[in-house]
Amino acid sequence: MRGARLKGRAALCLLALVTLGSAPALPKYRLQAIPQLHYDEGQELWQLDRRVMACSYCHVKDTGGAPWNPFGQAIQAEFQASGGKAKFPQVLHSLLKADRDSDADGYPDALEVFARTLPGDPASRPEESLTELRVAFEASGGTERYAPAARR
Ligand SMILES: [Ca+2]
C-alpha cells in the first residue's frame with residue numbers, strides 16, 4: 001500500500017519534470033525585451049511566466065503570430081530602417097528613444113513601457129497625466145534605462 005503511494009508520488013514528480021522540461025520557452029525577443037525593459041524586476045520566475053509580458057504587447061492576438069499591433073509594426077519598421085543589421089535590443093532602444101506614440105493614444109511608447117501599459121493598444125493607457133509621467137520617467141533615467149546591456 002505504502003509502496004504504491006510512493007510509486008504514485010514518484011510518477012507525479014516525473015510528470016512534473018517532463019511537463020516543465022517541455023513547456024514552451026518564451027519567444028526569443030520576449031526573453032530579451034523583458035530584462036531590457038525591467039519587467040523582470042520582482043518576478044523571480046519571469047522566464048516561465050507568459051503574463052510578465054503578454055503576446056499582445058506586440059501582436060494583435062493573445063497567441064502571438066501575425067498580425068502585429070502598431071507597436072510591433074514600429075519595431076519591424078525600425079528593423080527595416082537598420083537594413084536588418086541591428087540586433088533586437090538596439091532596435092527596441094532606438095525606437096523608444098525616438099519618442100513615438102505608436103498607438104496614437106497620446107502617450108509615447110517609452111512612457112507606456114515605463115507605466116507598464118500596452119504601447120500598441122490605444123485602449124491601454126497610463127493613469128497619470130502625460131506631464132506627471134514624463135517627470136517621473138526622466139527622474140528614473142529616461143530612455144537610457146532601456147539601453148541594451150553593455151557587453152562584458
Ligand atoms: Ca501610446
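Begin by selecting Ala104, whose place is in the loop between α4 and α5 (109-115). Helices here are DSSP runs of H or I with at least four residues, strands are runs of E with at least two, and both are numbered from the N terminus. Ala104 has a positive phi of about 55°, although it is not a glycine. Ala104 is exposed, because 9 other C-beta atoms lie within 10 Å. For this label, C-beta atoms are placed from the backbone: a residue is buried if 20 or more others lie within 10 Å of its own, exposed if 12 or fewer, and partly exposed in between.

Two remarks on reading the model are in order. Residues are numbered from 1 along each chain as its sequence is written. The model is predicted, so local features need pLDDT of at least 70 and side-chain atom pairs count only at pLDDT 80 or more, whereas totals for chains, interfaces and linings use all residues.

**The whole chain**

Select the protein chain next. Its secondary structure consists of six helices and zero strands, in the order α-α-α-α-α-α from the N terminus. Of its 152 residues, 23% are buried. Two residues are in contact if their C-beta atoms, placed from the backbone, lie within 7 Å. Among contacts between residues at least 6 apart in sequence, 36% join residues at least 24 apart.

Colour the chain by pLDDT, the predictor's confidence in each residue, from 0 to 100. The average is 88, and 82% of the residues score at least 70. Over residues 16-22, pLDDT stays under 50, and the model has zero contacts beyond four places in sequence for them.

**Helices α2 and α4**

Select residues 28-36, helix α2, together with residues 88-97, helix α4. These helices pack at an angle of about 50°, with their axes 10 Å apart. Axes are lines fitted to C-alpha atoms, for helices over the stretch in contact, and angles run from 0 to 180 degrees between N-to-C directions. α2 and α4 are therefore oblique to each other; angles under 35 degrees count as roughly parallel, over 145 as roughly antiparallel, 65 to 115 as roughly perpendicular and the rest as oblique.

Which residues of α2 meet α4? Tyr29, Gln32, Ala33 and Gln36 in α2 meet Phe88, Pro89 and Leu92 in α4. By class, this contact has five nonpolar, two polar and no charged residues. Ala, Val, Leu, Ile, Met, Phe, Trp, Tyr, Cys and Pro count as nonpolar, Asp, Glu, Lys and Arg as charged, and the others, Gly among them, as polar.

**The loop between α2 and α3**

Move to His38, found in the loop between α2 and α3. Its phi is near 65°, a positive value in a residue other than glycine. With 14 other C-beta atoms within 10 Å, His38 is partly exposed.

Ser56 lies in the loop between α2 and α3 (70-81). Is Ser56 buried or partly exposed? Ser56 counts as partly exposed because it has 18 C-beta neighbours inside 10 Å. Not counting residues up to four places away in sequence, Ser56 touches Asp62, Leu118 and Asp121. Trp68 is twelve residues from Ser56 along the chain, and their C-alpha atoms are separated by 8.5 Å.

Pro67 also has its place in the loop between α2 and α3. The peptide bond from Ala66 to Pro67 is cis, with omega near -5°.

**Helix α6**

Finally, select residues 130-139, helix α6. Gly141, which follows α6, has a positive phi near 120°.
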